[in-house]
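Work through each solution with the structure in view.

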Amino acid sequence: MSDTQVSEARATAVVVENADWEAAANEACQQLAAFGPADLLFLFASDSYGDKLPELVKVIYTKSGARTMLGCTGQAIIGREREVEDSPALSVLALSLPGFEARPVHLTTESLTQAETSGLVALTGVNSLDVNGWIILGDPFTLDTEALLARFAETYPNLPLVGGLASGDFRLRRTALFLNGEVLKAGALALPVGGDYMLRTVVSQGATPIGEAWMVTAAERNIVFSISGRPAYEVLVETFQGLSPARQQQARRNLLVGLAVDEYKSDFGRGDFLIRNLMGIDPTTGAMAISAEPRLGQTIQFQLRDAEAADEDLLELLGQVRPVLEANPAVAGVLFSCNGRGAGLFGTPDHDAGMINRQLGALPLAGFFCNGEIGPVGNQTFLHGFTASMGLFVRKLKNED
């Protein structure tokens, strides 16, 4: 168990590893008992609990006495310092947040369609002036997540959204969302973060920039024909040849592209680019296909993704946020990591959770391995892959109104 207290706000986190759902639920509640009824409880549970999930969720919600509980299933479960990948587990984060009212809403394709005329505010019941950010947990099979994020961006502009898509055995196409004592099989849960609190985000896309930053000068849909007036393939080859032999070996199967989100910046660095896949190249025409639709004039830079780059990226981003948190400490965090990370990528367990603990201290933390991660780059929110996206609950300062 880990605990923090920031002013009057408190949080504690619990991880229980047990294949017996009832024993796991009871142990989690026993560890939470000293904390008292939470204003907000996050529960992330292994999908392998299967048809026992409704009972598990009801037990934890009832016995914990939480006013509001939300969560979902995960292929693997994250807690402070730990990532449980190979056995059934629960991760629970309890928060007491004076001045915060948790009002999560369940969104479905049907309810969003009905709200097209009345607007998203009518569906969520939350005015844009009354919210400082959103946490979103979604089902990957029953909702168009990118369309949902676009709706939120239009209704709640410039606010951070962070979250992830529930995961489990992909072959079964089976995930679950938890809202209070219920298990939901479709849609998304959206939690507004407002009142005296806001979200500080860390979004590590697991890539490091290589070569120079260029400009897209000819493109159609997702095909880039020229970069800075030269064939895109020619610029790619030049970038590759400029790498050291070791880096070239790493880059052979791990090259991506980064598209700058904010063109008004004079210098671009880590965190300024939306990372997307390099899907194919045509040496004959010099064209390059990517998994995005770039704008003419948009800054583009090639990126490298592997374990070393992902480690370097997360370390640098945590280093950037650490001094900010020294002035305004986080109460707790929720972490959404891609199911392509973990021991399979890094070769050792507990990478993301362990690094967060080392860099930010004993922060109460809960999360899961996702089918897609939600997080902002610049002032825009995207659905990512291979990303570690974290939302930190912090006090809203007067100068951040």
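**Exercise 1.** Classify glutamate 238 as buried, partly exposed or exposed, then find its salt-bridge partner.

*Solution.* Step 1: glutamate 238 has a relative accessibility of 36% and so counts as partly exposed; buried means under 20% relative accessible area, exposed over 50%, and partly exposed in between (1.4 Å probe, protein chains only). The model is predicted: local features need pLDDT of at least 70, side-chain atom pairs count only at pLDDT 80 or more, and totals for chains, interfaces and linings use all residues. Residues are numbered from 1 along each chain as its sequence is written, and side-chain values use heavy atoms, with hydrogens and water left out.

Step 1: the partner is arginine 230, with 2.7 Å between the closest N and O atoms. A salt bridge is a side-chain nitrogen of Lys or Arg within 4 Å of a carboxyl oxygen of Asp or Glu. Arginine 230, at 21%, is partly exposed.

Step 2: through shared partners, salt bridges join Arg230, Glu234 and Glu238 into one network.

**Exercise 2.** State how many salt bridges the whole structure has, and describe the one between glutamate 17 and arginine 82.

*Solution.* Step 1: the search finds nine salt bridges.

Step 1: in the pair of glutamate 17 and arginine 82, the N to O distance is 2.6 Å. Glutamate 17 belongs to strand 2 (residues 9-17) and arginine 82 to strand 6 (residues 82-84), 65 residues apart. Helices (H or I, at least four residues) and strands (E, at least two) are DSSP runs, numbered from the N terminus.

Step 2: glutamate 17 is partly exposed at 42%, and arginine 82 is partly exposed at 31%.

**Exercise 3.** Describe how helix 8 and helix 10 pack, and name residues in the contact.

*Solution.* Step 1: helix 8 (residues 307-327) and helix 10 (residues 351-360) have axes 10 Å apart, at an angle of about 35°. Axes are lines fitted to C-alpha atoms, for helices over the stretch in contact, and angles run from 0 to 180 degrees between N-to-C directions.

Step 1: the contact (heavy atoms within 4.5 Å) includes Leu314, Leu318 and Val321 of helix 8 and Met355 and Ile356 of helix 10.

Step 2: by class, there are eight nonpolar, two polar and three charged residues in this contact. Ala, Val, Leu, Ile, Met, Phe, Trp, Tyr, Cys and Pro count as nonpolar, Asp, Glu, Lys and Arg as charged, and the others, Gly among them, as polar.
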